[in-house]
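Here's a quick tour of one protein chain, made for someone new to reading structures. Have a look at the picture first, then work through the points below.

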Amino acid sequence: MTSRSYDVLAGAPDSPVLLHVPHSSRVIPPDVREGILLDDADLERELDHITDAYTAEIAAVAAAAADAPPWRFVNRLSRLVVDPERFPDEREEMLAVGMGAVYTRTTHRAALRPTEFDPTPLLDRYFTPYAEAMETAVAERLAATGRAVVIDVHSYPTDPLPYELHGDGPRPPICLGTDAFHTPPALLDAAREAFGGFGGLASDTPFAGTYVPLSYYGKDPRVGALMIEIRRDVYPSGPGGAPGPGIQALGAALAALVDAVPSHPPA
């Protein structure tokens with residue numbers, strides 16, 4: 001296993017859209033597995049809870065169905081290796097429950113790694129190259145089209161898990177995560193239209209925000225961003241359940257959102 005833990009899958013040359021799929025994998029390299037305290041059965045249960053199962057498949061359906069296929073950036077390792085969407089430092093609020101860029105606690109707040117665990121090697125080997133590659137992918141969309149639109153594809157559990165810091169609010173079938181700087185109203189409106197047929201949606205509950213590479217975050221309005229959080233009972237029976245027909249419907253909705261994003265910024 002090399003430090004390249006992701007795939008960048010090409011879309012249409014004139015597409016500004018980058019579908020980001022950070023949490024779909026269950027793969028943990030053997031040397032990383034050695035540093036995890038859980039036995040094999042408990043680790044499988046934790047992966048059932050923490051993995052955004054089938055989100056890579058939903059993105060693949062969308063890429064095949066869209067008129068202008070989006071680009072895709074897919075994490076091929078579990079977020080139990082590193083979580084590429086966390087801040088790697090004290091800015092990360094999930095450090096309060098042991099789930100910063102390198103997790104030390106489980107979804108049920110049990111010990112995942114020893115208290116003396118040093119995350120630096122994992123950050124150097126996986127987190128930093130991933131972040132740099134995402135920056136490059138966004139830069140390439142900007143160079144090609146004058147804009148970049150990062151659409152995060154996630155799922156979340158039907159019932160709140162103990163690690164959630166904001167799990168008391170509504171849990172709609174579709175949650176749209178937004179950012180005041182990077183989510184233009186037209187993008188949010190397009191998402192509401194595309195995902196309006198799944199029994200309800202809301203913004204920023206139970207999860208909020210978007211992912212934008214730090215070199216662009218809060219600085220470059222040409223980079224748009226939106227997070228799609230799909231409640232897991234919309235498509236599989238979970239946790240760890242098999243996929244259902246919702247995969248195709250969700251992929252079609254995501255394709256409709258992709259097609260609603262214009263290829264070039266307004267004049």
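Buried means under 20% relative accessible area, exposed means over 50%, and partly exposed is in between (1.4 Å probe, protein chains only). Helices (H or I, at least four residues) and strands (E, at least two) are DSSP runs, numbered from the N terminus. What you see is a predicted model, where local features need pLDDT of at least 70 and side-chain atom pairs count only at pLDDT 80 or more, while totals for chains, interfaces and linings use all residues. Residues are numbered from 1 along each chain as its sequence is written, and side-chain values use heavy atoms, leaving out hydrogens and water.

**Strand β7**
- Take β7 (residues 223-231): 9 of its 9 residues are buried, so the rest of the structure largely encloses this strand.
- In a regular strand, side chains alternate between the two faces of the sheet.
- Here, Val223, Ala225, Met227, Glu229 and Arg231 point one way, while Gly224, Leu226, Ile228 and Ile230 point the other way.
- β7 pairs with β4 (residues 148-156) in the parallel sense over 9 bridges (strands pair if DSSP finds at least two bridges between them).
- Across from Ile230 in β7 you'll find Ser155.
- β5 (residues 174-177) runs antiparallel to β7, joined by 4 bridges, and Gly177 has Met227 as its bridge partner.

**Arg171**
- This residue sits in the loop between β4 and β5, and Arg171 is buried at 12% relative accessible area.
- Its side chain makes a 2.9 Å polar contact with the side chain of Glu164; a polar contact is a pair of N or O atoms within 3.5 Å, and within protein one must be able to donate a hydrogen and the other to accept it, with residues adjacent in sequence counting only if both atoms are side-chain atoms.
- A polar atom of the Arg171 side chain also lies 3.1 Å from the backbone oxygen of Thr158.

**Aromatic rings**
- Rings of Phe, Tyr and Trp (its six-membered ring) pair if their centres lie within 6.5 Å; planes under 30 degrees apart count as stacked, over 60 as edge-to-face and the rest as tilted.
- By this rule there are 6 aromatic pairs.
- Tyr6 and Phe73 have ring centres 5.0 Å apart and planes at 20°, so they're stacked.
- Tyr6 is in β1 (residues 6-9) and Phe73 in β3 (residues 71-75), so this pair ties together parts 67 residues apart in sequence.
- Phe73 is buried, at 0% relative accessibility.
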